[in-house]
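Please read these points with the model open beside you. They go from the whole chain to single contacts.

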Amino acid sequence: MQKKLSVIVVTSVLLSLSACGLLPERSDENKNVSASKLYADAQEEMAGGHYEAAIKLFERLESNYPFGTYAAQAQMEIAYAHYKAQDQAEALAAVERFIKLHPNHPQVDYMYYLRGLINFNDQIGFLSFIYAQDPTERDPKATREAFAAFKELVDKFPNSKYAPDSIARMNYLINAMAQYEVHVANYYYRRGAYLAALNRAQGAVTQFSEATAREEALFIMIRCYDKLGMFDLRDDTQRIFAKNYPDSRFMGGKGSGDAPWWKFWAKAGAKPAPKDAVQ
């Protein structure tokens, strides 16, 4: 009886040891795959729009080959893949991680640019939906953060190939922020809060002097001064308005219509992570 028990125990131990020996092989089944193969497979998943699968492959690439150009490239690709998957929180986290780990990387300017794009897309529907939604319910935080990101890129890397597009987007964002103030001013005006409306319109004029929305902001100021009985200020503002916008649609002129200035980016899609590091 004791002999049989001993055989059973020994057999059980051998089987458990054998099973333990097999487990690492399953978990490390891709450990011997070359960096170039992992990268190529991840790129294939990206091309097919399978971003989650691509992210897993890039993460495996970074884990298996933590040193060298492939690791940094994988980190950039992970950030871009999260961006394409519209996972903004993960994309921003990946961007911040890359900038922290590689502040002097030759392509770190791209990551500053991508940070701007992530925030930019977070508020891309700002003007598309503002007419259907109470403007005071919309938070322009993402607009300001996108502007700050693009500005940091332009300030730090004025010669970057991403600088011209960043400047164009900054101009759009300035208009968006000014337009937000104008919509809030209109909101207050419609409710008879003329002083509040005047303050928001003045803010748009002083803070965003080059914005398209400045025209409407000045017009709101004229109406607010009139409602508040400040006729001298109304007349002064109207003279400034007439001088700067003689054909304004707000004053019965032909004006420029409702040109969709906010759609400038439609012709240029989001740029993928640069591949120079692995060529």
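**Notes on the predicted model**

1. The accessible surface of the protein, in this predicted model, comes to about 16,000 Å², and carbon and sulfur atoms hold 54% of it. Accessible areas come from the Shrake-Rupley method with a 1.4 Å probe, and for residues only the protein chains shown count as cover. Of the 279 residues, 40% are buried; buried means under 20% relative accessible area, exposed over 50%, and partly exposed in between (1.4 Å probe, protein chains only).

2. Residues are numbered from 1 along each chain as its sequence is written, and side-chain values use heavy atoms, with hydrogens and water left out. As this is a predicted model, local features need pLDDT of at least 70 and side-chain atom pairs count only at pLDDT 80 or more, whereas totals for chains, interfaces and linings use all residues.

3. Confidence comes next. The average pLDDT (the predictor's confidence in each residue, from 0 to 100) is 81 for the protein, and 74% of the residues score at least 70. Over residues 125–137 the pLDDT is below 50; this stretch has 20 contacts in the model beyond near neighbours in sequence, where contact means heavy atoms within 4.5 Å. Residues 253–267 also stay under 50 in pLDDT, with 24 contacts beyond four places in sequence. Where pLDDT is low, the predicted coordinates should not be read in detail.

4. The secondary structure consists of 12 helices and zero strands. Helices (H or I, at least four residues) and strands (E, at least two) are DSSP runs, numbered from the N terminus. Among contacts in the protein with a separation of 6 or more, 62% join residues 24 or more positions apart.

5. The axes of helix 4 and helix 5 come within 7 Å and cross at roughly 155 degrees; axes are lines fitted to C-alpha atoms, for helices over the stretch in contact, and angles run from 0 to 180 degrees between N-to-C directions. Helix 4 and helix 5 are therefore roughly antiparallel (angles under 35 degrees count as roughly parallel, over 145 as roughly antiparallel, 65 to 115 as roughly perpendicular and the rest as oblique). On the helix 4 side, the contact involves Ala72, Gln75, Met76, Ile78, Ala79, His82 and Tyr83; helix 5 supplies Glu90, Ala91, Ala94, Val95, Arg97, Phe98 and Leu101. The crossing of helix 4 and helix 5 is left-handed, meaning that the near helix is turned anticlockwise from the far one by less than a right angle, while clockwise would be right-handed.

6. Most residues other than glycine have a negative phi. Gln86 is exposed, at a relative accessible area of 68%.

7. His82, in helix 4, is buried at 9% relative accessibility. Leaving out residues up to four places away in sequence, His82 touches Ile55, Asp87, Glu90 and Ala91.

8. Leu61 belongs to helix 3 (residues 51–64) and is buried, with 0% relative accessibility. Beyond four places in sequence, Leu61 touches Ala35, Leu38, Tyr39, Tyr70 and Ala74. Ser36 is 25 residues from Leu61 in sequence, with 9.0 Å between their C-alpha atoms.

9. Helix 9 (residues 163–190) and helix 10 (residues 194–207) cross at roughly 165 degrees, with axes that come within 8 Å. That makes helix 9 roughly antiparallel to helix 10. Their crossing is left-handed. Residues of helix 9 in this contact include Ala178, Val182 and Tyr189; those of helix 10 include Tyr194, Arg200 and Ala204.

10. Helix 9 also packs with helix 11, at an angle of about 25 degrees and with axes 10 Å apart. That makes helix 9 roughly parallel to helix 11, and the crossing is left-handed. Gln179, Val182, Ala185, Asn186 and Tyr189 of helix 9 meet Glu216, Ala217, Ile220, Arg223, Cys224 and Lys227 of helix 11.

11. Ala217, in helix 11 (residues 214–227), is buried at 0% relative accessibility. Its contacts beyond four places in sequence are Val182, Ala201, Ala204 and Val205. Ala217 and Val205 lie 12 residues apart in sequence and 6.3 Å apart in space, C-alpha to C-alpha.
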